[in-house]
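Let's take a friendly walk through this structure, from its charged pairs to its cores and its chain contact. Have the sequence and the 3D view open as you read.

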Amino acid sequence: MNRRESIQSVLGLSSVVGLAALGAGMPGRAHALAGNAGDFASSYAQIPERYGATTVRFDRALPDGLSGTLFRNGPARMVRGDTRYHHWFDGDGMIQAFRFSGQSLRHQGRMVATRKLSAEADAGRFLWSAFGTSFADSRSVRQPDDINSANISVLPVQDEVLALWEGGSAWRIDPSTLETKGRRVFSPSTDGLPFSAHPKVDPSGTIWNFGYMSGSGKLVLYELTAAGSLKRARLIDAPNAEMVHDFAITERYLVFVLMPLRYDRRPGRGGSSFMDRFQWDAEGHVDILLVDKNSLTVAHRFEVAPFFAFHFGNAWEDGETVRIEVARAAAFKPLMNVITQATRGEPVDPISRPPLMELSLNLSGKTASANDLPVSGVDFPRFDQRFTGRKTSHLFMMSDANPEPDITFGFNQLVSLDRRSQRVRRWSYAPRIIAEEHLFVPDQAKGEANGWVVGTTFDPENRTTSLHVFNARGIDDGPIATATLPVHLPLGLHGQFVAG
Amino acid sequence: MKTHRTRLSAAAACSVAALLTAATPAVAADLTLNVSNIASTDGSMMIAVYDSKKGFDKKSTYRAINRRVEQAEMRVVLADMPAGEYAVMLFQDLDGNEKLDTNMLGIPKEPWSASLEGRSVFGPPAWSDVNFKIGEQNVSIKISLN
């Protein structure tokens with residue numbers, strides 16, 4: 001269903017924030033829109049420990065060739081007893097599994113039983129400060145796994161699914177029951193190391209990942225077999241590695257784009273959260289490291305003018321040039337502030353919507369340049385992962401169709417960009433719908449970027465979550481199938497699809 | 001109690017019994033360590049008490065105590081502590097190798113804590129993170145191992 005034109009014209013007249021501030025005109029409508037600011041936070045209301053298996057029907061039969069399970073992860077528990085988190089990233093992780101085939105969708109969900117969760121469940125309250133929330137009486141946080149909420153993404157490997165955080169260990173999940181089987185330990189020397197939420201699977205099957213620890217001045221690099229066993233782990237020195245959320249790979253390289261965020265460790269900063277202690281160095285630059293996959297040493301370095309991004313699209317080698325798709329985000333501090341406001345159910349401040357960007361690194365000339373791509377204000381970029389690290393033609397991502405300034409936080413539009421023709425296609429959900437990451441699922445019988453795009457949405461009015469399927473080459477035609485659960489799920493982060 | 005050299009202990013051979021039976025001079029105080037949230041009863045708790053920044057930085061202990069873990073909580077009393085500044089570091093030696101095992105980033109793999117009093121640290125604590133004063137009054141320190 002497309003956006004209603006009447007809502008668009010109301011928003012076009014004047015800033016809703018302005019209306020609310022003046023207390024003027026159209027009080028009913030302004031009040032209703034201001035009330036929508038609570039929609040994001042309302043997704044965390046009354047979340048059970050577990051969603052038992054529920055089966056619903058799609059409105060149309062799925063295409064042949066589309067059958068499997070979408071596993072998603074995300075922050076789910078924001079309140080425990082009389083303690084509450086103030087930032088989305090703090091919530092304890094919950095795995096959602098959506099199994100679909102034919103015309104049926106079967107869903108179940110379960111919290112990741114981390115050590116943190118178990119201790120806090122026993123105590124009836126949150127015991128440790130988290131990334132975005134500090135508690136005056138917090139137990140000491142001595143190492144990253146103390147506050148590991150395993151809440152960002154998943155990595156399906158062999159017969160299990162790993163629940164991923166970024167500062168600490170991965171946790172092992174049974175793909176059928178979603179029970180937590182324990183903490184993933186790859187080897188004695190890597191036990192307890194950070195393992196990021198954005199591993200990349202090479203077309204060869206090799207799994208590459210990294211980990212960072214603020215203050216260490218290092219990155220740890222992982223090479224895993226397709227079955228998820230450790231082949232190599234290596235430390236490299238890395239500047240600007242105080243917070244590193246994502247990376248990219250190409251045929252020959254691991255690509256690290258390191259941003260000038262500094263962590264302030266000084267004593268006497270009680271009351272401020274870990275997040276508050278990160279400062280953006282506007283005088284700094286972004287360091288880019290290309291690590292040779294064979295030697296696991298830095299082969300090339302580049303410096304570019306600073307920008308902030310959480311996520312990258314794909315990256316590839318184009319002759320002697322490495323190209324990286326970068327989903328630039330609003331500046332770090334304002335974005336974190338907006339997420340805090342949204343988590344508290346408050347109207348959010350305006351933030352910028354920078355353009356999607358391609359970085360080009362010329363290996364022989366040792367020069368770097370950045371080009372804007374024809375979409376802005378986008379995130380959660382996804383592509384055909386059969387071609388990770390090789391040139392891909394389409395990038396799929398999420399956007400906010402509400403005009404600026406928007407007092408609500410959350411995406412409500414799916415976007416595809418054809419990198420060859422520059423053609424942009426969009427599908428907007430109804431205005432109050434909040435859309436989560438939509439990922440590309442390949443049609444294994446066909447070539448690159450042929451297949452489907454699958455994603456979930458939260459309806460704050462009806463309190464339900466739906467799953468939608470699109471044709472990847474025609475997302476602007478809208479979903480070809482939709483299934484709606486009788487419940488709503490907490491708004492999450494990233495997922496992966498397992499065919500079968 | 002068996003006496004043995006550990007990575008933490010410099011001096012000898014103080015047995016816990018000796019610590020508890022010393023006569024109490026007029027101005028010396030007791031230090032009680034209340035260690036809680038011990039998850040397993042494997043191995044021994046290796047406790048190091050430092051009485052100066054210099055000693056702490058050099059890992060030269062004032063007192064070193066090894067106590068077999070039997071329950072989820074452990075109380076250790078050090079009597080007759082002269083007035084001064086102290087710090088306590090401890091770990092549970094699960095594998096009995098008398099070392100705090102760490103991974104390749106130096107993050108401990110065995111449960112450990114210190115007289116942090118709720119402070120959070122990234123990496124090994126500095127003296128300023130863990131020091132506390134003993135004066136004329138008895139002092140109790142709570143240390144959670146989880």
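## Charged pairs in chain A

In this predicted model, A:Arg262 and A:Asp281 form a salt bridge, with their closest N and O atoms 3.2 Å apart. The two residues come from distant parts of the chain, 19 residues apart: A:Arg262 sits in strand E17 (residues 261–263) of chain A, while A:Asp281 lies in the loop between strand E18 (278–280) and strand E19 (286–292). A:Arg262 is partly exposed, at a relative accessible area of 33%, and A:Asp281 is partly exposed too, at 23%.

A second pair to look up is A:Arg252 with A:Glu320, a salt bridge whose closest N and O atoms are 3.8 Å apart. Here 68 residues separate the partners, and each is in a loop: A:Arg252 between strands E15 (248–249) and E16 (253–258), A:Glu320 between strands E21 (309–318) and E22 (321–328) of chain A. Both ends are partly exposed, with relative accessible areas of 36% for A:Arg252 and 40% for A:Glu320.

Then there is A:Arg386 with A:Asp384, where the closest N and O atoms are 2.8 Å apart. A:Asp384 is buried, at a relative accessible area of 1%, whereas A:Arg386 is partly exposed, at 22%. Elsewhere, salt bridges with shared partners join A:Asp318, A:Arg323, A:Glu325, A:Glu358 and A:Arg419 into one network. Over all chains, the count comes to 38 salt bridges.

## Nonpolar cores

Nonpolar side chains tend to be buried together in soluble globular proteins. The largest nonpolar core here has 107 residues, and A:Val257 is among those with the most contacts inside it. Leaving aside residues up to four places away in sequence, A:Val257 touches A:Val286, A:Asp287, A:Ile288, A:Phe307, A:Phe312 and A:Ile324. A second, separate core has 25 residues, including A:Tyr51, A:Phe100, A:Leu117 and A:Val441.

## Chain B

Chain B has 3 helices and 8 strands, which run α-β-β-α-β-β-β-β-α-β-β from the N terminus. Of its 146 residues, 45% are buried.

## Where the chains meet

How many residues does each chain bring to the contact? Chain B gives 19 and chain A gives 27. Together they bury about 2,000 Å², with 57% of that on carbon and sulfur atoms. On the chain B side, B:Met104, B:Phe122 and B:Asn146 lose the most area to chain A, together 38% of what that side buries.

Between the two chains there are 0 salt bridges, but 12 residue pairs are in polar contact. The side of chain B that touches chain A has 9 nonpolar, 8 polar and 2 charged residues.

Conventions. Residues numbered from 1 in each chain as written. Chains lettered and ligands numbered in written order. Predicted model: local features only at pLDDT ≥ 70, side-chain atom pairs only at ≥ 80, totals over all residues. Heavy atoms only, no water. Contact = heavy atoms within 4.5 Å. Buried area = accessible area lost by both parts, 1.4 Å probe. Salt bridge = Lys/Arg side-chain N within 4 Å of Asp/Glu carboxyl O. Polar contact = N/O pair within 3.5 Å; in protein donor to acceptor, adjacent residues only side chain to side chain. Nonpolar A, V, L, I, M, F, W, Y, C, P; charged D, E, K, R; others polar. Core = buried A, V, L, I, M, F, W, Y, C linked by side-chain atoms within 4.5 Å. Buried < 20%, exposed > 50% of the residue type's maximum accessible area, 1.4 Å probe, protein only. Helix = DSSP H or I, 4+ residues; strand = E, 2+ residues; numbered from the N terminus.
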